[in-house]
Amino acid sequence: MYIAMNRFRIPPENEAEFRERWLGREVHLRTVPGFVSFQFLKGPVHEDYILYASHTVWESYEAFVGWTQSEQFRAAHAHAGNRKPLMAGPPVFEGFEVLQDIRN
């Protein structure tokens with residue numbers, strides 16, 4: 001398995017619009033081979049930003065790469081640069097190979 005995460009620093013005044021964009025968007029992931037799950041996460045609140053993260057689980061690194069090269073990826077990110085920026089800086093990507101997966 002492979003986990004792809006993006007971390008976003010959101011100024012408090014942009015939080016409502018940022019959440020609305022994420023929660024109201026069309027989801028394309030379910031149609032991509034190798035997709036397992038997605039979580040949209042809210043993290044710690046700091047004085048000048050709130051930490052958010054997107055967390056996507058894939059069957060393999062190759063499945064994740066397939067997503068990044070897919071028509072669904074292009075559709076999901078088509079308007080990314082056309083809107084008012086809501087983040088304090090660019091998102092920070094982190095990719096992880098799963099070495100152990102313990103489930104209940």
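Predicted model: local features only at pLDDT ≥ 70, side-chain atom pairs only at ≥ 80, totals over all residues.
**Helix H1**

I started with H1, residues 15-24, and asked which of its residues are buried. I found Glu-15, Phe-18 and Trp-22 on that list. They span an arc of only 70° around the axis, which puts them on the same side of H1.

Next I checked the face turned away from the buried side. Ala-16, Glu-20 and Gly-24 sit there, and they are exposed.

What do the buried residues of H1 pack against? I get three strands: S1 (2-10), S2 (35-45) and S3 (50-58).

**The sheet**

I then traced the strand order. Four strands make an open sheet, running S2-S3-S1-S4, with antiparallel pairing. S2 and S4 (92-97) are the edge strands with a single partner strand each, so one side of each has no neighbour in the sheet.

**S2 and S3**

How many bridges join S2 to S3? I read eight, with the two strands running antiparallel. I also looked up Phe-40, and its bridge partner is Ser-54 in S3.

**Helix on sheet**

Last, I went back to H1 for its orientation. H1 packs on the sheet, where it touches S1, S2 and S3, and its direction makes about 175° with that of S2.

Notes
Residues numbered from 1 in each chain as written. Heavy atoms only, no water. Buried < 20%, exposed > 50% of the residue type's maximum accessible area, 1.4 Å probe, protein only. Arc of directions from axis to C-beta. Contact = heavy atoms within 4.5 Å. Pairing = 2+ DSSP bridges. Axes fitted to C-alpha atoms, helices over the stretch in contact; angles between N-to-C directions.
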